[in-house]
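Keep the 3D view open and find each spot as we get to it.

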Amino acid sequence: LLNKMASSDLIYQYKTTCNKLKKIQRVLIKRFGPSVSEVSDEFGALANSFNEAFQPEYAAKCYIGQSKCEKLIGNDTGEVEALLRAARSFRTAHAKQERLRVCNITHAYHEGAFRCYTQALSRLPDKSVIGAAIIRELKEISPSVELTSDFSSPCHRIADLERSAEESLAGRDYVGAFEKLSEIYDDVTERKCEALYQDVMRRIEVSRLLLLCLLQLPPSVRYDHKFIERYSTVGDAGRESSRPDGGQPVPLPEELVFLLQSLVVSCQAKDVESLTAVRDEMCERQDLTSSQQALLKEVVAKYSK
């Protein structure tokens, strides 16, 4: 009951603040109307209160109100920030529906997020770093949207390729996923900046190895044959050889290296029992992603036929 009363009070405050904004928009001589900055602050404070009350959908509306105030002030940065907060709050509201397993999930919140993202983009130059980041967020809820940014950086390229590889995995396009991950690998090693992307390189090392075990790629497909050879012997000897380009192998935890070596050897020997045991042990590890665990199960299923 107290929560309902608190929510009612917040909604009443929200409506009151909206009325203040309407007055500002109607008043020709601004000095006779409410202070725009104060109304903007009120919207911001209300948004925080709604977030604390676990009502992100109302927080999103407050942020939209705040963005309108910032626009009236002429604060482009403040307007964009408020729109981004609104978009993220709408996404939180959508996620809340999914967690509660609502029977008829509405896509209105994602649509609201989409509008906020696109409105924020319209306030930014094409080569903006923030613009590129917004497009990346937008594509998380609408992958098919045809928006691009002129801003480019190695980090963005790697992230885009990795996301694209995940989409290929979801669509069971394993060759496509392998090629995209290999492109990241080649890009990082050619620029000799492995130290900057250690986590990425570790993920790619494991995913590529699992894909090779699954695909059994023929020689016609371009890939580093030395790569899988490093895992073809159980024990340290399998990891001592360096890459053809003179670089060192991607450092992985010793236990994981041993399991990966066991996996490759089991695949080569077509030892389903050992393969199943390795899978069970690897699936218990926290450092494997969900897509890697799915790949691992696919590998076992392939050799179990």
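Let's start with R202 and D199: both sit in helix α9 (residues 198-215), three residues apart, which is about one turn of the helix. Helices here are DSSP runs of H or I with at least four residues, strands are runs of E with at least two, and numbering goes from the N terminus. R202 and D199 form a salt bridge, with their closest N and O atoms 3.0 Å apart. That term means a side-chain nitrogen of Lys or Arg within 4 Å of a carboxyl oxygen of Asp or Glu. R202 is partly exposed because its relative accessibility is 28%; buried means under 20% relative accessible area, exposed over 50%, and partly exposed in between (1.4 Å probe, protein chains only).

## What you're looking at

This is a predicted model, where local features need pLDDT of at least 70 and side-chain atom pairs count only at pLDDT 80 or more, while totals for chains, interfaces and linings use all residues. Residues are numbered from 1 along each chain as its sequence is written, and side-chain values use heavy atoms, leaving out hydrogens and water.

The protein has 14 helices and zero strands. Of its 305 residues, 42% are buried.

## Bridges across the chain

How many salt bridges are there by this rule? The count comes to 11. One of them joins the side chains of R123 and E79, at 2.8 Å from N to O. These partners are 44 residues apart, with R123 in the loop between α5 and α6 (129-141) and E79 in helix α4. R123 is partly exposed at 27% relative accessible area, whereas E79 is buried at 2%.

R172 and E298 make another salt bridge, with 3.0 Å between the closest N and O atoms. R172 is in the loop between α7 (154-170) and α8 (174-190) and E298 is in helix α14 (residues 290-304), so the pair ties together parts 126 residues apart in sequence. R172 counts as exposed at 53% relative accessibility, while E298 is partly exposed with a relative accessible area of 23%.

## Two helices side by side

Packed helices are described by the angle and the distance between their axes. For α3 (residues 56-73) and α4, the axes come within 8 Å and cross at roughly 170°. So α3 is roughly antiparallel to α4, a label for angles over 145 degrees, with under 35 called roughly parallel, 65 to 115 roughly perpendicular and the rest oblique. The axes are lines fitted to C-alpha atoms, for helices over the stretch in contact, and angles run from 0 to 180 degrees between N-to-C directions.
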